[in-house]
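Visitor: I've got a model open and would like a walk through it. Could you take my questions one by one?

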Amino acid sequence: MTAVADVLGALERVRDPELDQSLVELGFVAGVEADREPVRVRLRLPTYFCAPNFAFLMAADARAAVEALPGVESVQIELEDHFTAGEINAAVGCGAGFVDAFPDHASDELDELRTLFRRKALMARQGRLCASLAADAIAALRLGELAGADADRCRELRAELGIDSGPDAPAFVTAQGAALRAADVPRFLRLARLISTSLEGNAGLCRSLLKTRYEGEVAA
Amino acid sequence: MYEKDGRKYFVVDGHTHFWDARPENRNKWGEGFIACFYDYHRNLSPEEYVWDKDKYDRYSEEDMVHDLFEIGYVDKAIMQPTYLKEFFPGGFNTTEQDAAMAANHPGKFIVNGSFDPRAGEAGLDELRELHETYDLKGVKLYTAEWRGESRGWTLADDAAQPYFELCLELGIKNIHVHKGPTIWPLNRDAFDVADVDHAASAFPDLNFIVEHIGLPRLEDFCWIATQEPNVYGGFAVAMPFIHTRPKYFAQMIGECLYWIGEDRILFASDYAIWQPKWLVEMFVDFQIPEDMQSELGTISDDQKAKFLGLNAAQLYDIEVPAEMQVSTEEEEIAIGSEPVSAA
């Protein structure tokens, strides 16, 4: 039998691709039942009208993460109180894609959207990493010279994006993965800060709307 | 007009609604929509300004006039229609509904229209008629509006171009753009404002006001606004953070001042989601927190005056009493405004 804690541990590693934060941290996991198969995971979002594409990615990623746990045979994801809950739950339930879920409204799967938001997240993560470094040193640094959780988070995301994340690679890259030139550092820092302001601001609003929406109810 | 410490501020509320979300005028989507609006309202308002849900569904004309003009310091309010007929069969907040109420209060409201390019040729005729009836100076576009099977449109669509041409011809020069959670195709980011960039380049003589400063895509908005001199930022939805999360508000307005400058940002309450009284009072008292000033600078009283009303007055040719004007000898250029290649 699988422990609830293991399921939550798996969900901890699933991020809202738009906000670059964990579903568990955000409070989007409403409940987990792991005492029998299928393992049930209930998800909830800050509004009834949250964008269906990101909602789908979270539901599908949650399913994949829990299914990968040893001993888990089947997983049922139940997105709740959302205007496309029916479409998303049905598609994710049988491992179908986004186009299957929305045949009339989608022209493709969500890979491009995911990549776009990974690039934004990389800028924001690099911006946080830069905060403790001298601006004139940034362009010359190698990734191997950086340690700590923020640096690891950048490495992880670069690997996911197919950007060189080895120790000799430049420590900081543009959203497209090109090495940062010294002349572009001030602009880069400004842009990174803008993007992280945006992401963190959105995440803050999502948390507080979720709290308002489900006042009194406690997340898993 | 709002007066503080001997200074008078002319106030234009750039984004207001007179909506009908009563149960008899909504389906399940409409119910979800107004519930979401209500959560925004009660989440971000000071407690004493939170209404009960029944009043929120349908407030009265008297409420609106009282909240905006009697206690809210607003000199002129711009009504932005949002039709949403797929959610609210009689219309959530149409041009006609707005105009009927505005007619009772001469000189107080500016009534904007709307169009939907998916209506094709017939829609162009409707826009002409709307303009003839209401003498429009602006339109509000909601790209996430559902229409039959369609879940939205973009300003870059071929079908939208004749509408902008018609706006130009009719002198409807202010195009307010509001993004929502759906779009066609649904796999794209519905909040992306790249289509505004496209339209603003193609129609340099129209003004494009991106509502909610592009939230949740502040970065995309700032980016396109640096490229296009005719792109503006409306602060509806961004304003109330001044109360709940003043640091975030400071970041947003600081970034806007940096990237696009003091002449292209506009105050709005998004009434009745929030009320102008407390927003105006808090804004005039607001300053970028000291520990953020080295990065974001400060905001001056002249900049506040432009933001609260003078910038919108320019766009809508509203007469402003001389004592509330700001001398504009030194033109401030936004530091971020030189075009550079994308990151």
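Visitor: Let's start with chain A. In what order do the elements of chain A run from the N terminus on?

Guide: Bear in mind that this is a predicted model. Chain A holds eight helices and five strands. Reading from the N terminus, the order is α-β-β-α-β-β-α-β-α-α-α-α-α.

Visitor: And how compact is chain A, going by its radius of gyration?

Guide: The C-alpha atoms of chain A occupy a box of roughly 55 × 40 × 35 Å along the principal axes. For 220 residues the globule rule gives 17 Å, and the radius of gyration of chain A is close to that, so chain A is as compact as a globular protein of that length. The radius of gyration itself is 19 Å.

Visitor: Among contacts in chain A between residues at least 6 apart in sequence, what percentage join residues at least 24 apart?

Guide: A contact here takes C-beta atoms within 7 Å. Of the contacts in chain A between residues at least 6 apart, those joining residues at least 24 apart make up 68%.

Visitor: Now for the partner chain. Which element gives the largest share of the side of chain B that touches chain A?

Guide: The contact between the chains draws 29 residues from chain B and 36 residues from chain A. On the chain B side, α1 (28-44), α8 (218-227) and α10 (246-259) each bring at least two residues. By class, that side has 15 nonpolar, four polar and 10 charged residues. The largest share, eight residues, belongs to α1(B).

Visitor: Are α8(A) and α8(B) parallel, perpendicular or oblique to each other?

Guide: The axes of α8(A), residues 185-213, and α8(B) come within 8 Å and cross at roughly 140°. An angle over 145 would count as roughly antiparallel, and 65 to 115 as roughly perpendicular. The pair is therefore oblique.

Visitor: Which residues of α8(B) make the contact with α8(A)?

Guide: The residues of this contact divide into four nonpolar, two polar and one charged. From α8(A) come A:Leu194, A:Ile195, A:Thr197 and A:Ser198. From α8(B) come B:Leu218, B:Glu219 and B:Cys222.

Visitor: What is omega for the cis peptide bond from B:Leu215 to B:Pro216?

Guide: B:Pro216 has its place in the loop between β8 and α8 of chain B. The bond from B:Leu215 to B:Pro216 is cis, and omega is near 5°.

Visitor: That loop again: is B:His212 buried or exposed?

Guide: B:His212 lies in the loop between β8 and α8 of chain B. Its phi is positive, about 60°, although B:His212 is not a glycine. With 23 C-beta neighbours inside 10 Å, against a cut-off of 20, B:His212 counts as buried.

Visitor: Which residues does B:Gly214 touch, leaving out those up to four places away in sequence?

Guide: B:Gly214 is in the loop between β8 (207-210) and α8 of chain B. B:Gly214 is buried, with 27 other C-beta atoms within 10 Å. The residues touched are B:Val193, B:Asp220 and B:Phe221.

Visitor: One more, back in chain A: is A:Asp20 buried or exposed?

Guide: A:Asp20 is found in the loop between β1 (15-16) and β2 (21-22) of chain A. Phi of A:Asp20 is near 60°, a positive value in a residue other than glycine. There are 22 other C-beta atoms within 10 Å, so A:Asp20 is buried.

Terms used:
Residues numbered from 1 in each chain as written. Chains lettered and ligands numbered in written order. Predicted model: local features only at pLDDT ≥ 70, side-chain atom pairs only at ≥ 80, totals over all residues. Contact = placed C-beta atoms within 7 Å. Helix = DSSP H or I, 4+ residues; strand = E, 2+ residues; numbered from the N terminus. Nonpolar A, V, L, I, M, F, W, Y, C, P; charged D, E, K, R; others polar. Rg over C-alpha atoms; globule rule 2.2 N^0.38 Å. Buried ≥ 20, exposed ≤ 12 C-beta atoms within 10 Å, placed from the backbone. Axes fitted to C-alpha atoms, helices over the stretch in contact; angles between N-to-C directions. Parallel < 35°, antiparallel > 145°, perpendicular 65-115°, else oblique.
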